[in-house]
Amino acid sequence: MINITLKVNGEERALSLPATRTLLAALRNDMKLTGSKNACNQGVCGACTVLLDGVPVNACLVLAANVAGREIVTIEGLGEGGKLSPMQQAFVDAGAIQCGFCMSGMIVSATAFLAENPKPSRKEIRQALSGNLCRCSGYVRVIDAVELAAGRSGA
Amino acid sequence: MSDIESATESAIGKSPPRLEAAEKAAGTAIYSGDMELPGMLHAALLTSPYSHARILSYDVSAALALPGVKAVVTAEDISGGYIGLVCKDEKALAHGKVRYIGEPVAAVAARDEATARLAARLIEVEYEELPAATTVEQAMAEGAPVLHEDFADYTKIYQAPENEGNLLARAEAVMGRGVDGFDEADVIVEGTYEVGAQYHAYMEPVSVLAAFGPDGRVTVWSSTQSIFRTQANIHEGLGIPMGKIRCVAPRIGGGFGAKAEASGQLVTVMLAKKAGMPVRLVLTRDEDMTSMRARHPGTLRVKTGAKADGTLVAREMEVWLDAGAYADDSPAVMNLVLFYARGSYSIPHVRALGHAVYTNKLRLGAFRGFGNPQASFAAESQLDEIAEKLGIDPIELRIKNAIKAGEQWLGGQRITSCALVESLEKVRDASDWTRRREAAPGRKRGLGVAAMTHTSAFLSSGAIVRLQGDGSIILNVGAVDIGQGSDTALSQMCAAALGLDIEQVSFATPDTDSAPYNYGTNASRVTYTVGQAVHRAAMQVRAQLLEHAAAMLECSEGQLELRPGGRIGVDVEPPRNAEVSFADIAGRSLWAVGGPITGSGSYIPNDPPDPEHTKMTGFLGLDALSVLTFGAQVVEVEVDEVTGAVEVIEAWCAHDVGRAINPGAVESQIHGGFVQGQGYALCEEMLWEDGRLVNPSFMDYKFPGTLDTPDKIHAIILETPEKSHPFHVKGVGEPPLVGAAPAINNALSAATGLRLKQIPLTPERVLRGLLEKG
């Protein structure tokens, strides 16, 4: 067991965990932040995507001990004051969400992408979300949602 | 009560955000694997390394000796009997024999997951390996190893083969003059089609949490498509009385058919009982892929005869489905392949013969489309071969032969409403069907079409509608929303029946302790079937509301009008305009007269086959199956002649849904269903080598992502009212998947002249075909 401090959603949390524990397991099991999902556990599906210093990463491929002290934002940390973030709200309004299991990772990826590219084309959105698999939507409404969020932030 | 139509308009035909969309966006939605209870243990499975072996003994001592291990279970701990919806041949854990690689043999509950997994590996099982039959050919060969020696003793709800080795089910349907009808044909086309095994790939792997209370009752939260089938399976498989089993469905991360019957629930309950503590099981993706279910691979020999003018006269289909190691839904899926063998056309003479065969691999089961994707890939592909042979446009050929309302389906059921021709015309016009498309050098473009028909009413459902003290409504149906949006659509229907806004209706969490029975979320049935029950229950509440209102307003019920937003008023001569709110009525009922206002509704379709119309043998009863929904799809593809890759450029999907309660949700079903069908057509296939699944991960089993899918999937909703339903609806969950594979295959042919008869249409298969064709 090693002792580390993780900074998640602006809050510092002291944890004692095995060196082999992934960030995803630390978030879900040790910190009870269950919004990030484990769907493939090998970095293929993106359901566990979180922001690490603003960059989207697959939390299932990151060791918790390696990211001590760095800025981690999960789906639970996107909104403020109990309100949905603009991207979260756009996913609701565009009707992009079905079963929802991929959506935490999808929304986190989209949030990071729009921060980099505020006026993307639909093709660029597809490129940016190519690491996030969804089995329900066929992606049409997902792309719509990101486009909606981009349009609103530009207004 | 003349104003109900206008009152209902507020809730129906609109697309409010789904009831649970915000919590899912926030990341706060709770799925089974997110739940924890005090003292909760973690489960791990030990699975079979053999395709077929006799279990000689277990030694669990080393596992039990590991610190932190609280319970180990094997088949010796099973207190119940066999489970299975149509053929009871399976137990909670492998018993006596293992029949596929990956079959759960034993399980451990421990303080943490790592300890549980380590302990599972310490369980020693002594096996005697047996010869295995991992393909249909091997299983049907002379002298093949028999998977189920006790098959004759199993309880079945269909007429099963006797003394035929691994043959699980055989069924036959004959209409008209059957194969003799081919003598009316000028042109006959025959071919053999092969379909691969598709994995559901719901994003949420199977997860279960089970806890016994001090009263001896067990509560099971699990990723399930049916809390009542889960309860029944636990009851039958573990011998626990139904009243002692409470099943609850939290949010579900997709199912697509695989979570309809039992999964990890039974073994989790066994562990919780033995350990005396709550236990949670969360499958890894590879465990899920190797131990759950997939769509049946199979071979379909299809023969179609037509007159020179394009009139279809005869169809023969012979189907062999690989059922895997346990029956599960296989006999039913095979029956439904036959049900759709005739396609959406008025073919007078039909013979359809089906087989489902036990093999030593993962059980194959229900998957969106339930036999229809297999039948439609073969039959709709062949229809284009006929069109080509006759020189008739493929859409013209389909329109010419399209079945219509009032005609009889295979089995004899009469079609109540049908917009098949309109669907075909819609996709023809929207896609600009006859326009030739230019492709980049080295690539070829083409359009393909497919039509499809699917069921939308199946088995029984109930609904309870309760008026609360503040005038709002609780709707309790026990139907599980697995992502398709039924919580919202059912709430809209309930609101409509009572003239309320959807915000005034709350949807109860599916819970067997409180909900009326509901068969499950499958067969595209929830909107139609549960909707019927919701309407009946809501109308009972409405009747009681009116009775109270008449007394309170001192008028006759005939003078009352239901006003939007939960009010009942009277507006009569001499001028007197007065009203009471639902809250006023609730107060009267709870504190003075009548008692609580509750309505309950039950529904089951009953539409028995007509033996005069179709001779059927070996089928399950189809009585509780009704109401067909129709549609058509056109797909444009571009084929890379160098790599063989097929890219879907655009798709037009027209589906007649009777009436769209929530058009946004209908469109989402069409988008998602089509893309899942695209995966089935082009890239998805579970592959076994000597019984071992070689691609049990999302790394090796590819399904479409954002770069593989078209940006333009045109969801075209047709609304031809289905008069048998109070809200005129039909189902749409499955049909959008069904047409994709044949439409894409037909587009490939239109683009390149290459006619393949095997899916998925992988680049390798396409390239080989193009090279062979020259």
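Okay, let's start with a question: what is the order of the strands in the open sheet of seven strands in chain B? Reading across, we get β3-β5-β1-β12-β9-β10-β11, and the pairing is mixed. Before I go on, keep in mind that this is a predicted model.

So, that sheet. At its edges sit β3, residues 69–73, and β11, residues 245–248, both in chain B, and each of them pairs on one side only. If you ignore strand direction, neighbouring strands are turned against each other by 20° on average. There's a helix packed on this sheet as well: α4 of chain B, residues 113–122, which touches β1 (41–47), β3 and β5 (104–110) of chain B. The direction of α4(B) makes about 25° with that of β1(B).

Now let's zoom in on β9 of chain B, residues 207–212. Is this strand mostly covered or mostly open? Mostly covered: five of the six residues of β9(B) are buried. On one side, β9(B) runs antiparallel to β12(B), residues 279–282, with four bridges joining the two. If you want a landmark there, look for L209(B), which stands opposite R280(B) in β12(B).

β9(B) also pairs with β10(B), residues 218–222, again antiparallel, through five bridges.

β10(B) and β11(B) pair in the parallel sense, over four bridges. V220(B) has C247(B) in β11(B) as its bridge partner. Lying across β10 and β11 of chain B is helix α6(B), residues 227–238, and α6(B) runs at about 145° to β11(B).

Chain B has another sheet I'd like to show. This one is an open sheet of three strands, in the order β20-β21-β22, with antiparallel pairing. The edge strands are β20(B), 560–563, and β22(B), 576–581, each pairing on one side only. Neighbouring strands in this sheet are turned by 25° against each other on average, direction ignored. Between β20(B) and β21(B), residues 567–572, there are four bridges, and E561(B) stands opposite G569(B) in β21(B).

Next, some helix packing. At what angle do the axes of α16(B), residues 663–682, and α18(B), residues 740–752, cross? Roughly 55°, with the axes coming within 8 Å. The two helices are therefore oblique to each other, and their crossing is right-handed. On the α16(B) side the contact is made by F674(B), G677(B), Q678(B), Y680(B), A681(B) and L682(B), while α18(B) brings A740(B), A741(B), I744(B) and N745(B). Sorted by class, that contact has seven nonpolar residues, three polar ones and no charged ones.

A quick stop at a glycine: G391(B) sits in the loop between α10 (372–390) and α11 (394–401) of chain B. Is G391(B) buried or exposed? Exposed, because G391(B) has 8 C-beta neighbours inside 10 Å, and 12 or fewer counts as exposed. G391(B) and G310(B) are 81 residues apart in sequence, and their C-alphas are 9.1 Å apart in space.

Last topic, the contact between the chains. Chain A puts in 41 residues and chain B puts in 45. On the chain A side, α2 (86–93), α3 (103–116), α4 (122–128) and α5 (140–154) each supply at least two residues. Which of them gives the most? That's α2(A), with four residues. By class, the side of chain A that touches chain B has 21 nonpolar, 14 polar and six charged residues.

Let's finish on α2(A), then. Six of its eight residues are buried, so α2(A) is largely enclosed by the rest of the structure. The buried ones are M87(A), Q88(A), Q89(A), A90(A), F91(A) and V92(A). What covers them includes α3 and α5 of chain A, together with α2 of chain B, residues 21–26. And just after α2(A), you'll find G95(A) with a positive phi of about 70°.

Methods: Residues are numbered from 1 along each chain as its sequence is written. Chains are lettered from A and ligands numbered from 1 in the order in which they are written. This is a predicted model: local features need pLDDT of at least 70, side-chain atom pairs count only at pLDDT 80 or more; totals for chains, interfaces and linings use all residues. Axes are lines fitted to C-alpha atoms, for helices over the stretch in contact, and angles run from 0 to 180 degrees between N-to-C directions. Angles under 35 degrees count as roughly parallel, over 145 as roughly antiparallel, 65 to 115 as roughly perpendicular and the rest as oblique. A crossing is left-handed if the near helix is turned anticlockwise from the far one by less than a right angle, and right-handed if clockwise. Two residues are in contact if their C-beta atoms, placed from the backbone, lie within 7 Å. Ala, Val, Leu, Ile, Met, Phe, Trp, Tyr, Cys and Pro count as nonpolar, Asp, Glu, Lys and Arg as charged, and the others, Gly among them, as polar. A residue is buried if 20 or more other C-beta atoms lie within 10 Å of its own, exposed if 12 or fewer, and partly exposed in between; C-beta atoms are placed from the backbone. Two strands pair if DSSP finds at least two bridges between them.
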